[in-house]
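Please open the structure in your viewer and keep the selection panel at hand.

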Amino acid sequence: MRRIDDSREFIPVRIAVLTVSDSRSLAEDRSGDVLVARIEAAGHVLAAREIVTDDRPAIAAQLHHWCADPEIDVVISTGGTGLTGRDVTVEAHRDVYEKEIDAFGTVFTMISMEKIGTSAVQSRATGGVAQGTYLFALPGSPGACKDAWDGILLKQLDYRHMPCNFVEIMPRLDEHQRRK
């Protein structure tokens, strides 16, 4: 259920999109295109966009780089969340996370079940936080990106969404690193 509190002002979030693929270029990146279109339609800012190969250290390095960038609030990756040997995006994300958002994968699976039935068990979508930046790993299909954005991220990245959302706690994500 989407509950918008119209008394709150919309706050645009700066989002980077990372496509993990050994074979795609930006011109062929349909999943990345889906995310970019939805990010911009929602009023958010596309802060960066890259493609990286299915290489765990390379993925983790890009995530670390963007987490260190104060102009990026959220990173959404697409691709490499399956079960095959080359699917290492989830492991790379977990190498970077300080905290995992356990329910993100669960809620994504629930949404996917409505669309693709038990095939949803093959996805390992995940979310977490590192250096005050949200990180989400989505499957590489355009449909999965639509489902994750429309069913979870659109709402949670909207400051007006009630009873709570990711945006309102952004200033406190790295409070454990501040001096007292």
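A salt bridge, as the term is used on this tour, is a side-chain nitrogen of Lys or Arg within 4 Å of a carboxyl oxygen of Asp or Glu. In general, side chains of opposite charge can pair when their charged atoms come close. The model is predicted, so that local features need pLDDT of at least 70 and side-chain atom pairs count only at pLDDT 80 or more, whereas totals for chains, interfaces and linings use all residues. Residues are numbered from 1 along each chain as its sequence is written, and side-chain values use heavy atoms, with hydrogens and water left out.

**First stop: R56 and D95**

Select R56 and D95, whose side chains meet in a salt bridge with an N to O distance of 2.8 Å. This pair links distant parts of the chain, since R56 sits in helix α2 and D95 in helix α3 (residues 89–96), 39 residues apart; helices (H or I, at least four residues) and strands (E, at least two) are DSSP runs, numbered from the N terminus. R56 has a relative accessible area of 37% and is partly exposed, a class that lies between buried (under 20% relative accessible area) and exposed (over 50%), computed with a 1.4 Å probe on protein chains only. D95 is also partly exposed, at 42% relative accessibility.

**Second stop: D150 and R38**

Next select D150 and R38, which form a salt bridge at 2.8 Å, N to O. D150 belongs to helix α5 (residues 142–156) and R38 to helix α1 (residues 30–41), so the pair ties together parts that are 112 residues apart in sequence. D150 counts as partly exposed at 33% relative accessibility, and R38 counts as partly exposed at 23%.

Now move to E71 and R14, a salt bridge in which the closest N and O atoms are 3.3 Å apart. Here E71 lies in the loop between α2 (56–67) and β3 (74–78), while R14 lies in strand β1 (residues 14–20), and these distant parts of the chain are 57 residues apart. E71 is partly exposed at 49% relative accessibility, and R14 is partly exposed at 27%.

**Last stop: the annotated span**

Where does UniProt place "domain: MoaB/Mog"? The unreviewed entry lists residues 16–160, in the numbering used here, with the feature name shortened and with the caution that annotations may be inferred rather than shown by experiment. Select residues 16–160 and find the end C-alpha atoms, which lie 21 Å apart; the span is 43% helix and 21% strand.
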